[in-house]
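Q: I have a structure here that I have not looked at before. Can you walk me through it?

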Amino acid sequence: MSTPFVAVLMGSDSDLPTMQSTLNVLKGFGIRYEAKVTSAHRTPAATHAYVKDAEERGCKVFICAAGLAAHLAGAVAGITTRPVIGVPVDNGPLQGHDALLSTVMMPGGVPVATVAIGSAGAKNAGYLAAQMLAVGDDELAAAVKAERQKSAEAVQAKDAALQAKLAG
């Protein structure tokens with residue numbers, strides 16, 4: 001059996017600075033991934049072929065980033081029944097608001113889990129993919145839980161520092 005992985009698809013190579021957050025989260029959890037530039041509009045046949053091939057090779061989650069018309073996540077969701085996470089990229093004249101609507105407004109029965117616009121959404125896409133994979137992987141689930149605890153402790157430390165500063 002092949003090792004499960006996450007496919008991170010970008011509509012353009014210019015999406016990589018945003019999607020680096022996704023890749024960093026996946027790396028941090030030791031989750032295998034493939035990153036690829038493919039377009040729902042300019043290379044639809046290649047996108048379709050990649051999604052089918054990735055499924056056969058063990059892809060468990062697709063993360064799709066695109067700006068402007070942002071049809072990539074929806075196109076991928078139409079091909080696969082694996083979970084698809086859409087990341088609207090914050091570019092163009094509407095700074096990602098058009099991408100958000102294009103990503104989130106899917107017809108019933110063809111879901112795309114849509115995260116926030118830009119880098120925060122890209123980071124959350126990595127965490128969401130980890131949580132999805134953790135459903136069937138207790139070791140990964142423990143790592144996700146530990147990361148969440150570490151994040152909570154960082155907030156508490158910042159509050160303690162603030163309280164000390166205000167009291168002093």
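**Helices, sheet and single residues**

A: Helix α6 (residues 138-167) has 30 residues and spans 43 Å from its first C-alpha to its last, close to the 44 Å expected at 1.5 Å a residue. The expected span of a helix is 1.5 Å times one less than its number of residues. This is a predicted model: local features need pLDDT of at least 70, side-chain atom pairs count only at pLDDT 80 or more, and totals for chains, interfaces and linings use all residues. Residues are numbered from 1 along each chain as its sequence is written, and side-chain values use heavy atoms, with hydrogens and water left out.

Q: Which residue caps the N-terminal end of α6?

A: D137 does, with a side-chain oxygen 3.1 Å from the backbone nitrogen of E139. A polar contact here is a pair of N or O atoms within 3.5 Å; within protein, one must be able to donate a hydrogen and the other to accept it, and residues adjacent in sequence count only if both atoms are side-chain atoms.

Q: How many helices and strands does the protein chain have?

A: The protein chain has six helices and five strands. From the N terminus, the order of elements is β-α-β-α-β-α-β-α-β-α-α. Helices (H or I, at least four residues) and strands (E, at least two) are DSSP runs, numbered from the N terminus.

Q: What box do the C-alpha atoms fill?

A: Roughly 65 × 45 × 30 Å, taken along the principal axes. Of the 168 residues in the protein chain, 39% are buried. Buried means under 20% relative accessible area, exposed over 50%, and partly exposed in between (1.4 Å probe, protein chains only).

Q: Now the sheet. What is the strand order?

A: The sheet is open, with five strands in the order β2-β1-β3-β4-β5 and parallel pairing. β2 (33-37) and β5 (113-114) are the edge strands, each pairing on one side only. Two strands pair if DSSP finds at least two bridges between them.

Q: What does β3 pair with?

A: Strand β3 (residues 59-66) pairs with strand β1 (residues 5-10) in the parallel sense over six bridges. F5 stands opposite C59, and V8 has I63 as its bridge partner. β3 also pairs with β4, again in the parallel sense, over five bridges. There, the partner of A66 is P88 in β4.

Q: How many residues of β3 are buried?

A: Seven of its eight, so β3 is mostly covered. Helix α2 (residues 44-56) lies across β1, β2 and β3, running at about 150° to β3. Axes are lines fitted to C-alpha atoms, for helices over the stretch in contact (heavy atoms within 4.5 Å). Angles run from 0 to 180 degrees between N-to-C directions.

Q: How many disulfides does the search find?

A: Zero, over the whole structure. A disulfide would be a pair of cysteine sulfur atoms within 2.5 Å. C59 is in no disulfide, as the nearest cysteine sulfur, that of C64, is 9.0 Å away.

Q: Where is Q95?

A: Q95 is in the loop between β4 and α4 (97-104). At 46% relative accessibility, Q95 counts as partly exposed.

Q: What does Q95 touch?

A: Apart from neighbours within four places in sequence, Q95 is in contact with D90 and I117. The side chain of Q95 also reaches the backbone oxygen of G92, at 2.8 Å. Q95 and G67 are 28 residues apart in sequence and 8.5 Å apart in space, C-alpha to C-alpha.
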